[in-house]
Amino acid sequence: MSHDQVIQDTRDWVVKAVIGLNLCPFAKSVHVNERIRYVVSDATEPEQLLKDLARELLALNRADPEETETTLVVHPFVLHDFLDFNDFLGAADALTEDLELDGILQVASFHPDYQFEGTAPDDVENFSNRSPYPTLHLLREESITRAVESMPDTAAIFESNLDTLARLGLDGWRKLGLKG
C-alpha cells in the first residue's frame, strides 16, 4: 500500500465523512484552505511511531498556522488492535508533555475499530471516530479555543453527530464507500 493511496483514502474520509456529514463543523475551512498536513508513518512498532509523532508535534509547533493548521499522522502498519491503540494514547499524551507542548498542542484519535466505552462494536455512534487507518490528529490548542468561542454550544456537536449517524445507519455509512 503506497503513501499516496493511504493519503487519498484519508482525504476521502475527511471529505465524505468528517466534512460531508458535518461531524466536525470546523474541518471544512481548514480543508478548503489546504492547511491540513497528511503524514504517513512507516512505523511497525509503537516506539517507532512515538519517534514519528515527536517529529510531527515539533514540526506543527514550528509551522505557521496559516500554512499548516493541523496534522493527521496516519499509521497503517502499527496499532491495528484498538485496545493497543487506545493504550498508546497515554504515551502520546506523555510525549506531548515531555516535549513541553502540553497546552499548545493536543492529540486526538481515530481508528478503523474505534469504540466508545459502554458501546457495542457496531454501534453507529462509534463511527464518529472511525477512520480508514489508525490516525493521530495533532491539533493546536489555540485553534480549539477559537472554535469553541465561535460556536455557542460545542457540546451540541456530539449530540448532532449521534443524530446524524443514527439517521445514516450502518448501511448508509457503508454506502459512503470509505476504506475501512
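Glu56 is tucked away: its relative accessible area is 2%, so it counts as buried (buried is under 20% relative accessible area, exposed is over 50%, and partly exposed falls in between, with a 1.4 Å probe and protein chains only). This is a predicted model, in which local features need pLDDT of at least 70 and side-chain atom pairs count only at pLDDT 80 or more, while totals for chains, interfaces and linings use all residues. Residues are numbered from 1 along each chain as its sequence is written, and side-chain values use heavy atoms, with hydrogens and water left out.

What does Arg37 pair with? It forms a salt bridge with Glu56, and the closest N and O atoms are 3.0 Å apart (a salt bridge here is a side-chain nitrogen of Lys or Arg within 4 Å of a carboxyl oxygen of Asp or Glu). Arg37 sits in strand β1 (residues 36-40) and Glu56 in helix α3 (residues 46-62), so this pair ties together parts that are 19 residues apart in sequence. Helices (H or I, at least four residues) and strands (E, at least two) are DSSP runs, numbered from the N terminus. Glu56 also meets the side chain of Arg55 in a salt bridge, at 3.4 Å from N to O. Both arginines are partly exposed: Arg37 has a relative accessible area of 36%, and Arg55 comes in at 44%.

By the same cut-off, the model has seven salt bridges. One of them joins the side chains of Glu69 and Arg146, at 3.3 Å from N to O. Glu69 lies in the loop between α3 and β2 (70-74) and Arg146 in helix α5 (residues 141-150), so the link ties together parts that are 77 residues apart in sequence. Glu69 is buried at 6% relative accessibility, whereas Arg146 is partly exposed at 45%. Through shared partners, salt bridges join Arg35, Glu66, Glu69 and Arg146 into one network.

Asp98 belongs to helix α4 (residues 82-98) and counts as exposed at 62% relative accessibility.

Glu34 is found in the loop between α2 (27-32) and β1, and it is exposed with a relative accessible area of 68%.

Is Ser109 buried or exposed? At a relative accessible area of 10%, Ser109 is buried. Ser109 is part of strand β3 (residues 105-110). Leaving out residues up to four places away in sequence, Ser109 touches Phe85, Leu89, Tyr114, Asn129 and Thr135 (a contact means heavy atoms within 4.5 Å).
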